[in-house]
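Keep it brisk and group it by topic.

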Amino acid sequence: MSFTVAIDGPAASGKGTIGRALAAHFGFRYLDTGLLYRAVGAKVMAGADPVEAARALVAEDLEAEGLRRPEVAQAASRAAAIPEVRAALVDFQRAFATRAGGAVLDGRDIGTVICPEAQVKLFVTATPEVRAERRYLELVATGHEVSRDEVLEDVKARDARDSARAAAPLKPAEDAVRLDTSELSIDAALAAAVAIVEERSGSGG
Ligand code: CDP
Ligand code: CDP
């Protein structure tokens, strides 16, 4: 039996932080699907065709240097609007989700397209200003030279493109539980997510 937790939400809402911690808490596998699109974006920046890059993607590409850079995020978001790019990445994500045991995947279309049968769907949000501030602090702490304004612009531009595209747009699944983390610490957001998973898995007390 597989058990899947699907986490979606806009840029820097806290999907990855919650997803990784949930996976550690329950002993589940974790996949940051944004890395797939970032890896394609990085290859496009190096001159590759987006569809060919997506079709040729291998696991090591997800460990490439510099995938967290804001320019790569923008290139990822542009490539992610191409239906053939998305189609090329579906099988890998579904295979990851459906192996025996538990899995947590985070992205934009996990609950709607990749894992519509997921036992738990979370839609993680926070205001654009809160998200941009978190991402700004994270980028500065990891040695990137960015300004607050640039990061806010990046977040808003990607949210707009990701929400408006025809192919698997960013939106909550009908049965997703919304988690607004604007005023939550990481610990509080994680506690809320753990409670939701326990309730859905019937392991809550
Ligand atoms: O995966 P996603 O882009 O949605 O966001 P993230 O990488 O998990 O979180 C972005 C930043 O916000 C990280 O530096 C987290 O530590 C921070 N964060 C926070 O300050 N408070 C939360 N409730 C969640 C995340
Ligand atoms: O961490 P952050 O939320 O800033 O971005 P990410 O999750 O690494 O995703 C980078 C870009 O990939 C997004 O802006 C989306 O355009 C795209 N993406 C997608 O279309 N579908 C997914 N399942 C994951 C990411």
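This is a predicted model: local features need pLDDT of at least 70, side-chain atom pairs count only at pLDDT 80 or more; totals for chains, interfaces and linings use all residues.

Residues are numbered from 1 along each chain as its sequence is written, chains are lettered from A and ligands numbered from 1 in the order in which they are written, and side-chain values use heavy atoms, with hydrogens and water left out.

Ligand 1 sits in the largest pocket. The space taken by ligand 2 is the largest pocket too.

**Ligand 1**

- The shell around ligand 1 holds 14 residues; a residue is near a molecule if one of its heavy atoms lies within 4 Å of it.
- G14, K15, G16, T17 and R135 come closest to ligand 1.
- Polar contacts are pairs of N or O atoms within 3.5 Å. A polar side-chain atom of T17 is 2.5 Å from an oxygen atom of ligand 1.
- Backbone atoms take part as well: a polar one of G14 lies 2.9 Å from an oxygen atom of ligand 1, and a polar one of A12 lies 3.0 Å from an oxygen atom of ligand 1.
- The protein buries 80% of the 540 Å² that ligand 1 exposes when taken alone; areas come from the Shrake-Rupley method with a 1.4 Å probe.
- At least two shell residues each come from α1 (15-26), α7 (128-141) and α9 (186-201). Helices (H or I, at least four residues) and strands (E, at least two) are DSSP runs, numbered from the N terminus.
- By class, the shell of ligand 1 has five nonpolar, five polar and four charged residues. Ala, Val, Leu, Ile, Met, Phe, Trp, Tyr, Cys and Pro count as nonpolar, Asp, Glu, Lys and Arg as charged, and the others, Gly among them, as polar.

**Ligand 2**

- Ligand 2 has 18 residues around it, with R38, R86, R135, R158 and D162 nearest.
- A polar side-chain atom of D162 lies 2.6 Å from an oxygen atom of ligand 2.
- R165 places a polar side-chain atom 2.9 Å from an oxygen atom of ligand 2.
- The side chain of D109 has an N or O atom 3.0 Å from a nitrogen atom of ligand 2.
- Alone, ligand 2 exposes 530 Å², and the protein buries 98% of that.
- α2 (34-45), α4 (70-80) and α8 (148-164) each give at least two residues to the shell of ligand 2.
- That shell counts nine charged, five nonpolar and four polar residues.

**Largest pocket**

- A pocket is found on a 1 Å grid over the protein atoms alone, as an open set of points with protein on both sides within 12 Å along at least five of seven lines.
- A molecule sits in a pocket if more than half of its atoms lie within 2 Å of the grid points.
- The largest pocket holds about 790 Å³ of space. Its lining has 39 residues, and A12, K15, G16, R68 and R135 are the closest to its centre.
- Two or more lining residues come from each of α1, β2 (29-32), α2, α4, β3 (101-107), α7, α8 and α9.
- α1 gives the largest share of the lining, five residues.
- The pocket lining divides into 15 charged, 13 nonpolar and eleven polar residues.

**Cavity**

- The whole structure has one cavity of 30 Å³ or more; in a cavity a 1.4 Å probe fits but cannot get out.
- The largest cavity holds about 30 Å³ of space.
- R38, R68, R69, P70, A73, R135, L139, D154 and R158 line the largest cavity.
- α4, α7 and α8 each give two or more residues to that lining.
- The cavity lining has six charged, three nonpolar and no polar residues.

Terms used
A polar contact is a pair of N or O atoms within 3.5 Å; within protein, one must be able to donate a hydrogen and the other to accept it, and residues adjacent in sequence count only if both atoms are side-chain atoms. On a 1 Å grid over the protein atoms alone, a cavity is a set of points where a 1.4 Å probe fits but cannot get out, and a pocket is an open set with protein on both sides within 12 Å along at least five of seven lines; lining residues have an atom within 4 Å of a point. Grid points are joined across faces, edges and corners, and a volume is the space filled by probe spheres set on the points.
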